[in-house]
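Please consult the sequence and the structure shown below while reading.

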Amino acid sequence: MYKKNKIKIRKGLTNQKQQQTLMHELTHVMFHEMGLDEQADDEKLVNQLGNAFYQLLADNPNLRKMGGINESNG
């Protein structure tokens with residue numbers, strides 16, 4: 001299914017759109033890893049949950065610090 005396990009994000013997107021896209025793609029990965037392939041293929045669900053993850057991190061910068069994620073590396 002996924003040979004290289006690599007997420008590529010198109011160049012030229014704003015920082016916000018890059019982060020939203022990453023959350024979207026990671027949501028696909030999480031569903032697949034949990035064996036929820038039907039949900040992983042549901043773009044509407046993945047979009048909504050990916051956007052919710054993005055907004056959660058955007059609204060709560062302390063969560064980024066707790067997870068070892070900062071603006072310079074992630």
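At the start of H3, a side-chain oxygen of Asp-42 comes to within 3.2 Å of the backbone nitrogen of Lys-44. The model discussed here is a predicted one.

## Overall composition

The chain contains 4 helices and 0 strands. Read from the N terminus, its elements follow the order α-α-α-α. Of the 74 residues in the chain, 19% are buried.

The chain exposes about 6,000 Å², and carbon and sulfur atoms supply 52% of that area. Among contacts between residues at least 6 apart in sequence, 31% join residues that are at least 24 apart.

## Helix H1

H1 comprises 19 residues, and the distance from its first C-alpha to its last is 27 Å, close to the 27 Å expected at 1.5 Å a residue. Its buried residues are Gln-19, Gln-20, Thr-21, Met-23, His-24, Thr-27, His-28, Phe-31 and His-32. Just after H1, Gly-35 adopts a positive phi of about 80°.

His-24 is located in helix H1. Because its relative accessible area is 11%, below the 20% cut-off, His-24 counts as buried. The side chain of His-24 forms a polar contact with the side chain of His-28, at 3.1 Å. With neighbours within four places in sequence left aside, His-24 is in contact with Glu-43, Val-46, Asn-47 and Gly-50. His-24 and Phe-53 are 29 residues apart along the chain, and their C-alpha atoms are separated by 8.5 Å.

## Helix H3 and its buried side

Helix H3 covers residues 43-59, and its 17 residues should span 24 Å at 1.5 Å a residue; the C-alpha atoms at its ends are 24 Å apart, in agreement with that expectation. The buried residues of H3 are Val-46, Gly-50 and Tyr-54. These residues cover an arc of only 65° around the axis, and therefore lie on the same side of H3.

Against which elements does the buried side pack? The buried residues of H3 pack against helix H1 (15-33) and helix H2 (37-40). On the face of H3 turned away from its buried side are the exposed residues Lys-44 and Asp-59.

Are Leu-45 and Val-46 buried or partly exposed? Leu-45 belongs to helix H3 and is partly exposed, because its relative accessible area of 29% falls between the cut-offs of 20% and 50%. Val-46 also lies in helix H3, but it counts as buried because its relative accessibility is 0%, under the 20% limit.

Not counting residues up to four places away in sequence, Leu-45 touches Phe-31 and Gln-39. With neighbours within four places set aside, Val-46 is in contact with His-24, Thr-27, His-28, Phe-31, Gln-39 and Ala-40. Val-46 and Glu-25, 21 residues apart in sequence, are 8.2 Å apart in space, C-alpha to C-alpha.

Terms used
Residues numbered from 1 in each chain as written. Predicted model: local features only at pLDDT ≥ 70, side-chain atom pairs only at ≥ 80, totals over all residues. Heavy atoms only, no water. Helix = DSSP H or I, 4+ residues; strand = E, 2+ residues; numbered from the N terminus. Expected span 1.5 Å × (residues − 1). Buried < 20%, exposed > 50% of the residue type's maximum accessible area, 1.4 Å probe, protein only. Arc of directions from axis to C-beta. Contact = heavy atoms within 4.5 Å. Polar contact = N/O pair within 3.5 Å; in protein donor to acceptor, adjacent residues only side chain to side chain. Areas by Shrake-Rupley, 256 points an atom, 1.4 Å probe, with all protein chains shown as cover.
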